[in-house]
Structure formats: structure tokens, C-alpha cells
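These are my notebook entries on a two-chain model. I record what I looked up, entry by entry.

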Amino acid sequence: MTGAGPLGRRITPAGRQRGRDVMAAWHRLTDGDTVAVGPADGTTNGNGHDSGPGPVGRRPMSLAPWSVDGGGREDGRELLSVENLSIHFGGVQALRDVRLRVRTGEVTGVIGPNGAGKSTLFNCLSGLLQPDAGTVTFDGAPLRGAPSVRARRGLGRTFQTPRLFRSLSVLDNLLFGCETADWSGHRYVFDPRLGRLPQIERAERIAALVGFRGDLSVPAGSLPFGDLRTVELARALCGAPSLLMLDEPASGLDADQAQSFVGLMRELGDMGLAVLLIEHDMALVMGLCKRITVLDFGQVIAEGTPEDVQRNETVVHAYLGRSAARA
Amino acid sequence: MSKLLQTVIIGTVTGSLYSLLALGMVLVYRTTGVLNIAHGGIGVMAGFVAWDLVQLRHWPYYAGLLVGVSFAVLVGLAFERFVVRRLPNAGSRTVATLGLFLLAQGVVFVVPWWSNNSAQVFPSPFTGRVVSIPGADFAVSYDQIVLVGTVVLLFLGLQFLLRRTRLGMAMRAVSDDPAASRLMGVREELVAPVVWAMAFGIAGLSVMLIAPINLLENTSIVAFTLKALAVTFVGGLVSLPLTVLGATVLALLEAFTQIYAADIRGLPSAWPFILMVAVLVIRLIRPTKALDEQALAAA
């Protein structure tokens, strides 16, 4: 019982239901209703991840305080510019002529169905993959070189699955970020005072900032999933990035953690940090991002404000499939 | 009492021997994820280089030792640069170390004047000097004391390196997640050569310290390396303290059965296998994740 999606993609019933859920969330947003970021039944966070026991996830949260316009500073300058970025793996064109703009003080979203090329885009930007073609300009200069070079230029990122140094303590993980910051000499966009602190105190402050309340001395590998995400975010922030790239950061977080995350992103944006966000939780994306780029099969199929994107027919087709859309 | 003391001392010395070899293997596995099968083979080859210079060309002992260790270090650097770096994952790199082991064995047998048909005597400046144990009809050689002392220093040095230095942290980070470590500014291409050079240098030094006690002989040192491999499993291939503990326990078991249960033939040789089976059974009973976390915590 599958329908053909755009470019012949097969849509499974589960995928179709997921698409309907996504669109329903969009329309509720447009209508001004409140939207639960966490699960309504307290079992999953909406991305299929178990959010664990307890009351978390049951409390509906209003997106109104987060504002649909993303809340970033209006005077943000263009920090990242991607032009015609392309990469292929064997016979698969993973990205084709991708264009993207990210401004300081804004949260920019990258969305798209699974396999659209979102994480590949992040890997190209962070230097883990070498694109076939295209130019990337970061802070007024071409972005080239090894991942370590790009990190020192101010790129911080997290991964879809948290990738902490599991045998190292939480604190040691964070100190890696602090070391990158000291090496590059970048100031902390979101709190310039942090740069004057010793590394350990800085790491402790940033851990507290992201809401990590656990023991910093335990091996990172022993942390529960939600804390892994939180610590990975803290590690990226310790590196004093001017662009923070987050790959599905709310996946696996419970409702409280997701709410804290959204609040933190808004604060970081207000402080001038540029955030590039991949996320499947549409309510969160629509509430947090000022601009959204939609990828499908490696191509940009839409770009604009959340309102523009959610009214875009091509985007609707990409999520629902043509047959489902007709139905 | 004298017999008991003698047994404990023999066990401690032999345990140090196993530890010395095992620590080098744990260093490589913990920082690269590669099981370095070539460890003993490289050590023997470096040992023969040093033996050649000292015994055949009459170089000063320490100069020969230095060249032997340097040779092993260079082999480590070359192996990392031309083999390890070109292979995609830890599995294929482990297979490559097997190839290097066979190559090293071949070199030792091929060089005609090394005459590896029989064991070679490789005396150190301490050879012949002993310390008598008070109250026991037993003496410990200086070479054995140097061996035990080297293990203690190596253990403390590696612990300090991996826990307290930036280089050690970078090694562990690369081992845990190479991609994430690159994003955190770690240059893997600078860290990996250090690991391999250190490990091979330790392998060379180990054999040069063992040779004055047990002769420089290919088969026995490779057999020691296999026993050392068994004890690395006690610490999950990552924990230095548990590896040393495993090595000491194995050596003491061997010593006690050799002295107190000499009529049970084959038991001393069976202990490495019994130890490995015991580790596997424990891993079956207790979740592997918990054991690994304990090993890392103890590391």
C-alpha cells in the first residue's frame, strides 16, 4: 500500500501518516493553536524516540512565547553563503546545486524527507566530505580545509547520533571545545565574558547554560541519551562557534529538554549566534527558524520563511507524495 | 616459606614480562582500535638489530639498545604512513599487522648471520649481577629487577600520558570518534604516527629487556606475546591496570602450578586459555557494556 512520491519515491503508509502529522502541525501553527513539542502520551517525543517515564512530554507547550519569526536580530549579516554545492556517491547525486544563506542572530532550518541530503550538506560544510562542485563562503572568505581548520574558523556542529568521546569524562569532552576556542582566539559570540575564564570554569558554565546538571567527571559513554545530546551541544558551544550546526538536536529529548533547547536557541540567536538546524520536528522548526530551506533528493525545492514554506505545494508533495496529496 | 617467596618472585617477574608486552598492545588498541598482532614480531626484529650491533659489531650496549628501539620506531612510523593510513578500518588494519608479523618473522629468519636456528645470548651490562633474598635460598638478577622497574615506569608513564596530557587525550579522542575529533581540532594525521611509533618502540624495548633473562629467541618471545594477548582481554583491551593485574595473576598461577602442582602436566600451559575462557564466561554472565564501562573507568 505505497504511493509514489516526488520523483517516483515510494511512500509507505507510516511515512504518509508522518507527513500528515507534519502538515497538521503546520496548520495548527498557522491557526495559532498551541502545539505540543513533546509527545501527547508521554511515550515518544514525536520522532519515534522513547522519552522515558515521568510527566515529561505530557505537558503541551505553547509555541507562542517562542514566536514564529524566530526572534533573531533583524540586523544580522550574512555569515554563510553556499552556492551550487554538489556531491555524488557513486551513481547517487546526494546534493545538486544547493544554495543556502545563513545570517548572524538567526536560526535557519534545513528540512526534508529522510535521504534528502541534509546531513550530507552538514558534512560538506564541516569538511568531513569534499563536494564535487560549489563554493562556500564563511565570514567573508572561502571555507576550505580540514574539519579542524573549519572548527577553528568558527564552525561548531553536533551529529544526528551524538558523537561524544565516550571514554573521556564529560569535562574532558568540553575541554576539547575550549581548547579549539583558545587555539582560534575566537570570542564567545553568545557571552564574550566566557573567553576570560579558565577552561574548566568555562566548561562548567557552558554545561550549566545548556542545562546539564549531571556529574562532569563521569565517562561520557555512561550518560543517558538525552544527556549525550546536551553535552554534545555544550561541547560545540565550548568551541566558541559563530555558526552552530545542529543535526536533529531535539531528537530523543523529552518535552522539558526540548523546551529548554528551544529557549536556549532563541537566547543564543538573540546574542548574535547563527544557528543552522536540521530537525524533523516541524512544530519546533516552524516555531524557531526565521528562514527554512527544504531539500528533497539533494535539491533545494523551497526556501523562505516558515509561512512561505508551509504553503509551498512542492514541499507538501515532497512530504505526502503526489498520490496522497491528490487523495 | 622460602619456596612460597620464590614462587611469588618468579610469578612477579614473569608477570612483568607479560605486562611489558601487553601494555604496548593495549596502547595501540585503546588509541586506534587495532589489535596489533605484529607486536612481538617487531620486538624480536628490533632485538636482533640491537643484538647484531652489540654482539657482532661490538657497539656499546646502550648505543645498540638505542638503535634497536629507533629501528622499531621507524618501522612503526613507516607502517602507519604507508599501510595503516591507506586502510579503511580497524579490521583491515588488524589484518595488516598480521602481515607485518609474518614479514618480521621472515626477516629474522632470512638474515643469514643472525642464525636464528638457535637462541642467541644477549647479555646486558647487568648480566651476572644478582641480589640475594634474605631468608630464602634464592636470588633475583639485576636484569629481572630492571624488567620489573621498567614495567612500573611504563605503566605510570602511559597512565599519565593517556589521562593527563593533551597528546593522550587526543589519542583517546581519535580512538573514540575520529570524525568528531577532527571537528574538535585534533589532527589525526599527527596523532596516529605517535601511537604506532611508541607502540613499536615499546615492543623493541620489551624484547631487549627480556632477552638477557630468557635469551633472544623467536619462538619463545612470540609465545610470550600470545600470553600477553590473552591478558589484554582481562582489561577489555583498554584498561592498563586490569591488564597488569591479569598478567600478574596469570604468571602467579603458572608459577604456583609449576612449583606446587608439578605432577599435573600441561596445567601451566593451559592457564592462558583458562583465563580467556573465564573472561568470556564473565562477559556472558554480565552485560558487556557494563564491563566495558568498568574497564574504561579503571583505565
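At what angle do helix α1 (residues 2–32) of chain B and helix α6 (residues 166–176) of chain B pack, and how far apart are their axes? I note first that the model is a predicted one. For this pair I read an angle of about 60°, with the axes 6 Å apart. Angles from 65 to 115 degrees would count as roughly perpendicular and those under 35 degrees as roughly parallel; α1(B) and α6(B) are therefore oblique to each other.

I then listed the residues that make this contact. α1(B) contributes B:Arg30, B:Thr31 and B:Thr32, while α6(B) contributes B:Met171, B:Arg172, B:Val174 and B:Ser175. By class, I have two nonpolar, three polar and two charged residues in the contact of α1(B) with α6(B).

**Chain B as a whole**

I looked up the secondary structure of chain B and found twelve helices and two strands. Along the sequence their pattern is α-α-α-α-β-β-α-α-α-α-α-α-α-α. The radius of gyration of chain B is 19 Å, close to the 19 Å that the globule rule gives for 299 residues, so chain B is as compact as a globular protein of that length. I took the extent of its C-alpha trace along the principal axes as about 60 × 50 × 35 Å. Of the 299 residues of chain B, 45% count as buried. I also looked at contacts in chain B between residues at least 6 apart in sequence: 73% of these join residues at least 24 apart.

**Where the chains meet**

How many residues of chain A are in contact with chain B? I find 22 residues of chain A in contact with 16 residues of chain B. On the side of chain A that touches chain B, α3 (147–153) and α4 (170–184) of chain A each supply at least two residues. The most comes from α4(A), with six residues. I class the residues of this side of chain A as nine nonpolar, seven polar and six charged.

I traced an open sheet of four strands in chain A, in the order β4-β3-β6-β7 and with antiparallel pairing. Its edges are β4 (92–103) and β7 (141–142) of chain A, each with a single partner strand, so one side of each has no neighbour in the sheet. Strand β6 (residues 133–138) of chain A is joined to β7(A) by two bridges, the two running antiparallel. There A:Thr137 stands opposite A:Pro142 in β7(A).

Which strands does α2(A) lie across? I find α2(A) across β3 (78–89), β4 and β6 of chain A, at about 70° to β4(A). Helix α2 (residues 118–126) of chain A is mostly covered, eight of its nine residues being buried. Among the buried residues of α2(A) I note A:Lys118, A:Phe122, A:Asn123 and A:Leu125. Just after α2(A), A:Gly127 has a positive phi of about 95°.

Is strand β9 (residues 243–247) of chain A buried or exposed? Five of its five residues are buried, so β9(A) is largely enclosed by the rest of the structure. In a regular strand, side chains alternate between the two faces of the sheet. In β9(A), I see A:Leu243, A:Met245 and A:Asp247 pointing one way and A:Leu244 and A:Leu246 the other way.

Strand β8 (residues 155–157) of chain A runs parallel to β9(A), joined to it by three bridges. One bridge pairs A:Arg157 with A:Met245 of β9(A). With strand β10 (residues 274–278) of chain A, β9(A) pairs in the parallel sense over five bridges. Here A:Asp247 has A:Ile278 in β10(A) as its bridge partner.

**A hairpin and a loop residue of chain A**

I followed strand β11 (residues 291–296) of chain A to strand β12 (residues 299–304) of chain A; five bridges join them, and they run antiparallel. The bridge partner of A:Ile292 in β12(A) is A:Gly304. The hairpin has two residues between its strands, and A:Phe297 takes a positive phi near 50° in it.

Last, I looked up A:Arg213, in the loop between α5 (199–209) and α6 (225–238) of chain A. A:Arg213 has 8 C-beta neighbours inside 10 Å and therefore counts as exposed, the cut-off being 12 or fewer. I place A:Arg213 and A:Thr230 at 10.0 Å C-alpha to C-alpha, with 17 residues separating them in sequence.

Terms used
Residues are numbered from 1 along each chain as its sequence is written. Chains are lettered from A and ligands numbered from 1 in the order in which they are written. This is a predicted model: local features need pLDDT of at least 70, side-chain atom pairs count only at pLDDT 80 or more; totals for chains, interfaces and linings use all residues. Two residues are in contact if their C-beta atoms, placed from the backbone, lie within 7 Å. Ala, Val, Leu, Ile, Met, Phe, Trp, Tyr, Cys and Pro count as nonpolar, Asp, Glu, Lys and Arg as charged, and the others, Gly among them, as polar. A residue is buried if 20 or more other C-beta atoms lie within 10 Å of its own, exposed if 12 or fewer, and partly exposed in between; C-beta atoms are placed from the backbone. The radius of gyration is taken over C-alpha atoms; the globule rule is 2.2 Å times the number of residues to the power 0.38. Two strands pair if DSSP finds at least two bridges between them. Axes are lines fitted to C-alpha atoms, for helices over the stretch in contact, and angles run from 0 to 180 degrees between N-to-C directions. Angles under 35 degrees count as roughly parallel, over 145 as roughly antiparallel, 65 to 115 as roughly perpendicular and the rest as oblique.
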